[in-house]
Amino acid sequence: MRTAFVNSFLQLAECGHNVHLITADLGFKLFDPIRVKYPDKFTNVGVAEANMVGIAAGMAMQGFRVFCYSIAPFIIFRALDQIRTDICHMKLPVTLLAAGSGLYYGYEGMTHHAIEDIAIARALPNMIVLAPGDPLECEVLVKEVINLEGPCYLRLGGDHNPVVYDNFNRPKLGEISCLQSIGKVAIIANGEMLLRANNAMELLKKDGISCRLYSIHTLKPIDHLTIKKIARECSCIVTLEEHNVINGIGTAIAEILFSCGYQGKFKKFGIPDEYAKELGDKEWLRDHYGLGHERIAFEIKGLVNGF
């Protein structure tokens, strides 16, 4: 997804958009194509996330479409006061690129994990919150955010992410994407969990359980209409995210289901309300917290069959 962002940024610059990328001393080699071809559109402010957001706000007031890059826990936690005051309150077109979200930086521990960022970002007035699940979603969303009038939190995973979409689907900002439409069980996922949801769906298919697969790449504003449609048509709904189960997208969807009187089965998959007590790489940690596709398929099978 990070490479998809770089390619999209280069295309925007080539089309004449007044874009600028600011990094807090991260993204070496990744941003070389931008730095070399458009040195006037690239700034490294050093390890100074709060200053980066302040600089971005000033540039946005002068007409720039600014992207600020750092890893998720650094950009949302270290610069929160500046994000609230400088860009959200002022409704400025600054996009925060939060790389390595969730448990991506597994071995570095809780200081480098971002399991609360969706809850914080969604609570900020005027903030659009996006979490692409594959390179295509990232490309489309990056090209759409430059038209936003206010700030955006773009939650990225890592790189080398496979494309989950087929040739007949294309994401749209603000709308939940339906990638598989057959079945009474709905799996709603975002970010790198989209691939795991897809793999779980394939396992369940072998057990005779057909599942719908939805990508909720736009977390705020949330697509109420599609969620209510899913509630009318599905007897079982599960959400899957690499985030604390408290106040993540599962909680947001549960509120909508409650408001429309949903009577079916519902389950949230996510990270329990704790910081990691054991360390491993991102895949090990995800499996440890029950976010492996085999475990997800097993839990959904039990939910459907009532055991």
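This is a predicted model: local features need pLDDT of at least 70, side-chain atom pairs count only at pLDDT 80 or more; totals for chains, interfaces and linings use all residues.
**Entry 1**

I opened the notebook at Arg295, which is partly exposed with a relative accessible area of 44%. Residues are numbered from 1 along each chain as its sequence is written, and side-chain values use heavy atoms, with hydrogens and water left out.

I then looked up the partner of Arg295 and found Glu299, with the two side chains in a salt bridge at 2.7 Å, N to O. The term stands for a side-chain nitrogen of Lys or Arg within 4 Å of a carboxyl oxygen of Asp or Glu. Both residues belong to helix 12 (residues 293-305), where they sit 4 residues apart, about one turn of the helix. Helices (H or I, at least four residues) and strands (E, at least two) are DSSP runs, numbered from the N terminus. Glu299 is partly exposed too, at 23% relative accessible area.

**Entry 1: Lys229 and Glu233**

I checked another pair, in helix 9 (residues 224-233), where Lys229 and Glu233 are 4 residues apart and hence separated by about one helical turn. Their side chains form a salt bridge of 3.1 Å, N to O. Lys229 has 37% relative accessibility and counts as partly exposed. Glu233, at 26%, counts as partly exposed as well.

**Entry 2: Glu192 and Arg286**

How many salt bridges does the structure hold? I noted 17. One of them joins the side chains of Glu192 and Arg286 at 2.5 Å, N to O. This pair links distant parts of the chain: Glu192 is in the loop between strand 8 (185-189) and helix 8 (193-206), while Arg286 is in helix 11 (residues 282-288), 94 residues away.

Are these two residues buried or exposed? Glu192 counts as buried, at 13% relative accessibility. Arg286 also counts as buried, at 3%.

Contact here is heavy atoms within 4.5 Å.

**Entry 3: helix 9 against helix 10**

I went back to helix 9 and looked at how it packs with helix 10 (residues 249-259): the angle is about 65°, and the axes are 10 Å apart. The axes are lines fitted to C-alpha atoms, for helices over the stretch in contact, and angles run from 0 to 180 degrees between N-to-C directions. From helix 9, His224, Ile227, Lys228 and Ala231 meet Ile253, Ile256 and Leu257 of helix 10.

**Entry 4: the cis bond**

Where is the cis peptide bond that I noted? It joins Lys220 and Pro221, with omega about 0°. Pro221 lies in the loop between strand 10 (218-220) and helix 9.

I read through the loop between strand 1 (19-23) and helix 2 (32-37), which is the place of Asp25. Asp25 is not a glycine, yet its phi is positive, about 65°. At 30% relative accessibility, Asp25 counts as partly exposed.

Lys29 lies in this loop between strand 1 and helix 2 as well. I found a positive phi there too, near 70°, again in a residue other than glycine. Lys29 is exposed, with a relative accessible area of 71%.

Phe31 is also found in the loop between strand 1 and helix 2, and it counts as buried at 2% relative accessibility. Which residues does Phe31 touch, not counting those up to four places away in sequence? I listed Phe5, Val6, Leu21, Thr23, Leu26, Phe42 and Tyr69. I also looked up the distance from Phe31 to Arg2: the two are 29 residues apart in sequence and 9.5 Å apart in space, C-alpha to C-alpha.

Methods
Buried means under 20% relative accessible area, exposed over 50%, partly exposed in between (1.4 Å probe, protein chains only).
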